[in-house]
Amino acid sequence: MEDRLIIGGRELDSRLFIGTGKFSDYHLIPRVIKASGARVVTVALRRIDFDTPEENMLEYLPEGITLMPNTSGARNAAEAVRIARIAREAGCGNWVKIEIISDQKYLMPDNFETIKAIEVLAGEGFTVLPYMSPDLMAARRMVEAGAAAVMPLGAPIGSNRGLKTRELIQILISEIDKPVIVDAGIGRPSEAAEAMEMGAAAVLVNTAVATADDPVLMAEAFGQAVEAGRKAYRAGPGAASQFASASSPLTGFLREEEGSLQ
Amino acid sequence: MQIKVNDRAVEVPESCTLEQVLLSGKLAKKPVAIILNQAVVHREQWGNHKLSPGDSLEIIRIIGGG
């Protein structure tokens, strides 16, 4: 059976998206991407700092991946739109992760401003993937505004705390027709697998990989977890039960019919 | 004449183009974006867009991000 993930008209071979922030060394990035199998990679935009020599991060990205610049630093829709346009002009293509944050403690995304930014950018031909708080009504408005997917947070950015918003994400998966990609908060491969078992279309991971003792090995583990979780979702897990149900027949060997000792 | 590049005052020759500013910083071929007085300038225009005194440039690059 075919199991294809198509976003913005592009078929993606992997359901793991990788962020490139927080790595101690850009040289790790191509190895992390390769080990993870990811085909979508997020980047950010900043002013050039003329006081410190800077490497060109793009030189470390392999051919054939889809760049997804984020709008980090934007505090409202207008700023996000501006950053997205600049990213396209800088050669990042037409995918954009909208990230609008004005809360500095929990870095919670502003769903209201995000909806406004989607309306503008989708109208300009961008493939728009909004980072969002998992709220069904907001997700619906984002899809109506032209979002190609929605990306609810599992826990605050960079917290490695896992799927704290599990029930709310489950509702999005059930009710939203576009891909639901769990972005932010996933700290371990088991949590990525859990998101995929729930029916998430993909997960986006950055901090969990970048802050691991061995980022390349962790990237590989995430790639396997996402694949395993997706397969489990497709396989259809059996129902949970409060009581035991023997895996082996209880009759037909030492005793016939009844289960008590003679 | 004086212009601003990323909020810093910089002295450049009269009629200097955007591309010449980038070349002086070894940035001409890098994947960067240029914002001149709040408006993005398309890459094709870098070679013939002449700067005026007091112009404010922002030069943006791509970095790692999540």
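This is a predicted model: local features need pLDDT of at least 70, side-chain atom pairs count only at pLDDT 80 or more; totals for chains, interfaces and linings use all residues.
**View 1. The helices, strands and extent of chain A.** Chain A holds 8 helices and 10 strands, and its C-alpha trace spans about 85 × 40 × 40 Å along the principal axes. Of the 262 residues in chain A, 52% count as buried. When contacts between residues at least 6 apart in the sequence of chain A are considered, 65% of them join residues at least 24 apart.

**View 2. The order of elements in chain B.** Among contacts in chain B that link residues at least 6 apart in sequence, 53% join residues at least 24 apart.

**View 3. The extent and surface of chain B.** The C-alpha trace of chain B spans about 40 × 25 × 20 Å along its principal axes. A compact globule of 66 residues would have a radius of gyration near 11 Å, and the 12 Å of chain B therefore agrees with that expectation. Buried residues make up 47% of the 66 residues in chain B, while the chain exposes about 3,500 Å², with carbon and sulfur atoms supplying 49% of this area.

**View 4. The charges of each chain.** In chain A, the mean position of the 27 positive charges and that of the 35 negative charges lie 3 Å apart. In chain B, the mean positions of the 8 positive and 7 negative charges are 10 Å apart.

Conventions: Residues are numbered from 1 along each chain as its sequence is written. Chains are lettered from A and ligands numbered from 1 in the order in which they are written. Side-chain values use heavy atoms; hydrogens and water are left out. Helices (H or I, at least four residues) and strands (E, at least two) are DSSP runs, numbered from the N terminus. Buried means under 20% relative accessible area, exposed over 50%, partly exposed in between (1.4 Å probe, protein chains only). Contact means heavy atoms within 4.5 Å. Lys and Arg count as positive and Asp and Glu as negative; His and the chain ends are not counted. The place of a charge is taken as NZ of Lys, CZ of Arg, CG of Asp or CD of Glu. The radius of gyration is taken over C-alpha atoms; the globule rule is 2.2 Å times the number of residues to the power 0.38. Accessible areas come from the Shrake-Rupley method with a 1.4 Å probe; for residues, only the protein chains shown count as cover.
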